[in-house]
Amino acid sequence: MADLLPQRQTLRTLRREYPFLQVGTLARTAGGRPVQAARLGGGRARVLAAGVHHANEWLTGCLLLALLERYCRAVREGGSFGGFDARGLFDRSTLFCVPVVNPDGAALVTGEIAPDSPEYRAADAIARTHPELPFPAGWKANLAGRDLNLGYPADWEAARMRKAEKGFDGPAPRDYPGRFPLEQPECAALAAFTGRVRPSLVLAWHTQGGEIYDDFQGYRPPGTAALTDAFAAASGYRAAECPADSCRAGYKDWFIRRFDRPGFTIEAGRGENPLPASCLGGLIRENEPILALALHEAV
C-alpha cells in the first residue's frame, strides 16, 4: 500500500529523476490532499489516463504511477514501451495522467488515515448506515460519502434515481452520486482539466474483472471498435457491454457524451476488491500495452 501513498512524493521523485516530466495540482480535496496530474510528451495526439475514482481500487494508482515511470525510463534510455519505440511515442503524442482522482478515499482504505482521527470516525459513521458493506475494505467513495464515478453530467439524474431505489440516497461508502453533477472538487477538477486539454481519447482505470467498456448506453464514437479490439488482444481482457448499473454518470460516460470521442473504462485484473499489492506485476504486464497502443493510435 505504501507504493501508492503519498502520491505527491512519488510524482515529485519522478519529476526530479525525469526533468521532461511535468507535474501539477488540479485541486485539493476536502481533506486537503492534492489531486495531481502529470504530462509527458510533445505530440499532437492527446491521451488522458485516470485512476482511483474508487477508493478500494487504489491499486490502479500504483499501476498508473508504475506505467508512468516505465515510460519515462524508456524515453530517457531510448527503449521500448508496450512494444513501441518510446521516443517515437513521446514525439507523436502527449500523455496526461491523473493517477489518483480520489486521494482522500484511497488514504482511508490503505490505512493512511488513523482509526482515532476525525476523518476516520466520520467515515465510520457513514459506513454504519450500510452495515452490509465491509469497512473500510468496501469503501469506494470520497470522505464525503460521494461515489466519484457517479458524479458526472451524463444521464446523472437517472443514475441518482436508480441508486436511491437501492438505498443509496445519502452519503454512503459507495453508489451515492451526491446532490448534483460535479458537486465534488475531484470530479469538477478532472472535468475542467479534460476540457482544457481536449484529449483524443480517455482511459479510466478501475479494478477488477478483466473487461473493457467502451460505450455510453450502447453508443460508441467513431474509431472506438478498432481500438477496443486492439486493447483486448494486447491485454487479454474482454470487450464487454457496460453493465446497466454502471452505464451512467461515470467519467468515461461523460467524456463520450461531451466530446464524441473514444472513452474506455478498463476493469484491470481479476479477483475481489481491493486487489492485493501482489497483483501489481501482472497488472503492469497486462496494461502497459493498452497505454502504449493508445499513445500510438490516438489521432
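Student: What volume does the largest cavity have?

Tutor: In this predicted model, the largest cavity has a volume of about 40 Å³.

Student: And which residues line the largest cavity?

Tutor: The lining is made up of Arg-146, Asp-147, Leu-148, Gly-151, Pro-177, Phe-180, Pro-181, Leu-182, Glu-183, Gln-184 and Cys-187. Sorted by class, the residues of that lining fall into six nonpolar, two polar and three charged.

Student: How many cavities of 30 Å³ or more are there?

Tutor: The count comes to two cavities of 30 Å³ or more, and the second largest cavity has a volume of about 30 Å³. The second largest cavity is lined by Leu-150, Ala-159, Arg-162, Lys-163, Ala-244, Asp-245, Cys-247 and Arg-248, and by class this lining has four nonpolar, no polar and four charged residues.

Student: What does Lys-163 touch, leaving out residues up to four places away in sequence?

Tutor: With those residues left out, Lys-163 touches Leu-150, Phe-168, Asp-175, Pro-177 and Asp-245. Among them, Leu-150 and Asp-245 also belong to the lining of the second largest cavity, while Pro-177 is one of the residues that line the largest cavity.

Student: Which residues is Asp-169 in contact with, leaving aside neighbours within four places in sequence?

Tutor: Asp-169 is in contact with Ala-164 and Tyr-176 once those neighbours are set aside. As for Arg-179, which is ten residues from Asp-169 along the chain, the C-alpha atoms of the two are separated by 9.5 Å.

Student: Switching to pockets, how much space lies in the largest pocket?

Tutor: The largest pocket holds about 670 Å³ of space. Its lining consists of 33 residues, and His-54, Glu-57, Lys-140, Arg-174 and Ser-246 are the ones that lie nearest its centre.

Student: Which elements give two or more residues to the lining of the largest pocket?

Tutor: Those elements are E7, strand E8 (211–213), helix H9 (251–259) and strand E10 (263–268), and H9 gives the most, with three residues. By class, the lining of the largest pocket has eight nonpolar, twelve polar and 13 charged residues.

Student: Since strands have come up, what is the strand order in the open sheet?

Tutor: The open sheet has eight strands in the order E1-E2-E6-E3-E7-E10-E8-E9, and the pairing is mixed. Strand E1 (22–28) and strand E9 (238–239) stand at the edges, and since each has a single partner strand, one side of each is left without a neighbour in the sheet.

Student: How do E1 and E2 pair?

Tutor: E1 and strand E2 (residues 34–41) pair in the antiparallel sense over six bridges. The bridge partner of Gln-22 in E2 is Arg-39, and Gly-24 stands opposite Ala-37 in E2. E1 and E2 form a hairpin with five residues between them, and in the turn Gly-32 has a positive phi of about 85 degrees.

Student: In what sense do E3 and E7 pair, parallel or antiparallel?

Tutor: Strand E3 (residues 45–51) and strand E7 (residues 201–207) pair in the parallel sense, over five bridges, and along this pairing Ala-49 stands opposite Leu-203 in E7. E7 is also among the elements that give two or more residues to the lining of the largest pocket.

Student: One last topic, helix H2: how many residues does helix H2 have, and what follows H2?

Tutor: Helix H2 (residues 59–77) has 19 residues and reaches 27 Å from its first C-alpha to its last, which is close to the 27 Å expected at 1.5 Å a residue. H2 is mostly covered, since 14 of its 19 residues are buried, and H2 is followed by Gly-78, whose phi is positive, near 70 degrees.

Terms used. Residues numbered from 1 in each chain as written. Predicted model: local features only at pLDDT ≥ 70, side-chain atom pairs only at ≥ 80, totals over all residues. Heavy atoms only, no water. Contact = heavy atoms within 4.5 Å. Pairing = 2+ DSSP bridges. Helix = DSSP H or I, 4+ residues; strand = E, 2+ residues; numbered from the N terminus. Expected span 1.5 Å × (residues − 1). Buried < 20%, exposed > 50% of the residue type's maximum accessible area, 1.4 Å probe, protein only. 1 Å grid on protein atoms, 1.4 Å probe; cavity = no way out; pocket = protein on both sides within 12 Å on 5 of 7 lines; lining within 4 Å. Points joined across faces, edges and corners; volume = space filled by probe spheres on them. Nonpolar A, V, L, I, M, F, W, Y, C, P; charged D, E, K, R; others polar.
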